[in-house]
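Please read this note with the model open beside it.

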Amino acid sequence: MIIIGHRGARGEAPENTPGAFEFALDKGVTHFELDLRLSADGIPMVIHDATTKRTCGAKLSVEQTGAAELCALDAASTDNWHRREPVPSLEHLLPLLERSESVQLEIKSDRPARLDKLIRATRQLLCHCDTQRYTFTSFDKRALRLAKQMAPKFRRGLVSDKRFVDNIASARRLGCSLLVYHYKVLSQRQISRAQESGLEVSCYTVNDLAEIKKLR
């Protein structure tokens, strides 16, 4: 069983921050998931929400704020944490991520032109990295189509929390090698069908030991 650090170590440290990835790496976690959004000045930023309100206290729109201003915020301000943490750019996190075995880069939904810029900028940042270590994932099929066109050397994964749709067919059309399910909609039949179709399966976000054993 592979344990994937969700947003680094979200339950133990401020999510999607250097401290969260350092904490997880120190505990022996080497597989990760993180979220990517584009700043106003075209920089891939590691943040889940469209605004900084929940994680930083101050409400700023990520797409309307420059990378330097986002990095100057304290993403640990709403956590009981021992130091300030920036909203990091992907470039900022790369030295830590290079210590990992795999990373799921979840592209958050956005307008087509901004998705195009985000994927291009991410591809450029990772151009000297092991492409097999990084997987572009998304709920947004448009983002995955763009990733297939612009970053074909990287793996892709479809994320879904829908039970009654044919995620396997969608993933295959998009050239994905991975299906990422919400654990509540996952079943043995879905896993078997996906694996028979040549797809890997992972799930999110499971923090209960009984559920972990069941899913295993």
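1. Basis of the values. This is a predicted model, in which local features need pLDDT of at least 70 and side-chain atom pairs count only at pLDDT 80 or more, while totals for chains, interfaces and linings use all residues. Residues are numbered from 1 along each chain as its sequence is written, and side-chain values use heavy atoms, with hydrogens and water left out.

2. Salt bridges overall. The search of the whole structure finds 16 salt bridges, where a salt bridge is a side-chain nitrogen of Lys or Arg within 4 Å of a carboxyl oxygen of Asp or Glu.

3. Arg-7 and its partners. The side chain of Arg-7 forms a salt bridge with that of Glu-15, at 3.1 Å from N to O, and another with that of Asp-35, at 3.6 Å from N to O. For the second pair, Arg-7 lies in the loop between β1 (4–6) and α1 (18–26) and Asp-35 in strand β2 (residues 31–38), so the pair ties together parts that are 28 residues apart in sequence; helices (H or I, at least four residues) and strands (E, at least two) are DSSP runs, numbered from the N terminus. Arg-7 is buried, with a relative accessible area of 8%, and the term buried means under 20% relative accessible area, with exposed over 50% and partly exposed in between (1.4 Å probe, protein chains only). Both partners are buried as well, Glu-15 with a relative accessible area of 11% and Asp-35 with one of 0%.

4. Asp-74 and Arg-84. The side chains of these two residues meet in a salt bridge at 3.9 Å, N to O. Asp-74 and Arg-84 are 10 residues apart, and each is in the loop between α3 (67–72) and α4 (90–97). The two ends of the pair have separate accessibility classes: Asp-74 counts as buried at 17% relative accessibility, whereas Arg-84 is exposed, with a relative accessible area of 54%.

5. Through salt bridges that share partners, Arg-7, Arg-10, Glu-15, Asp-35, Asp-49, Arg-54, Glu-106 and Lys-108 are joined into one network.

6. Asn-16 counts as buried, at 2% relative accessibility.

7. Thr-135. This residue is placed in strand β5 (residues 134–138) and is buried, with a relative accessible area of 4%. Not counting residues up to four places away in sequence, Thr-135 touches Val-103, Gln-104, Leu-105, Arg-155, Arg-156, Gly-157 and Leu-178, where contact means heavy atoms within 4.5 Å.

8. Cysteines. The search of the whole structure finds zero disulfides, a disulfide being a pair of cysteine sulfur atoms within 2.5 Å. Cys-56 is in no disulfide, and the nearest cysteine sulfur, that of Cys-71, is 10 Å away; Cys-56 counts as buried at 9% relative accessibility. Cys-127 is also in no disulfide, with the nearest cysteine sulfur, that of Cys-129, 7.5 Å away, and Cys-127 is partly exposed, with a relative accessible area of 41%.

9. Helices α1 and α4. The axes of α1 and α4 come within 10 Å and cross at roughly 10 degrees; axes are lines fitted to C-alpha atoms, for helices over the stretch in contact, and angles run from 0 to 180 degrees between N-to-C directions. That makes α1 roughly parallel to α4, given that angles under 35 degrees count as roughly parallel, over 145 as roughly antiparallel, 65 to 115 as roughly perpendicular and the rest as oblique.

10. Residues between the two helices. Pro-18, Phe-21, Glu-22 and Leu-25 in α1 meet His-92, Leu-93, Leu-96 and Leu-97 in α4. The residues of this contact of α1 with α4 divide into six nonpolar, one polar and one charged, where Ala, Val, Leu, Ile, Met, Phe, Trp, Tyr, Cys and Pro count as nonpolar, Asp, Glu, Lys and Arg as charged, and the others, Gly among them, as polar.

11. Pro-95. Pro-95 is found in helix α4 and is exposed, with a relative accessible area of 58%. Pro-95 and Pro-18 are 77 residues apart in sequence and 10.0 Å apart in space, C-alpha to C-alpha.
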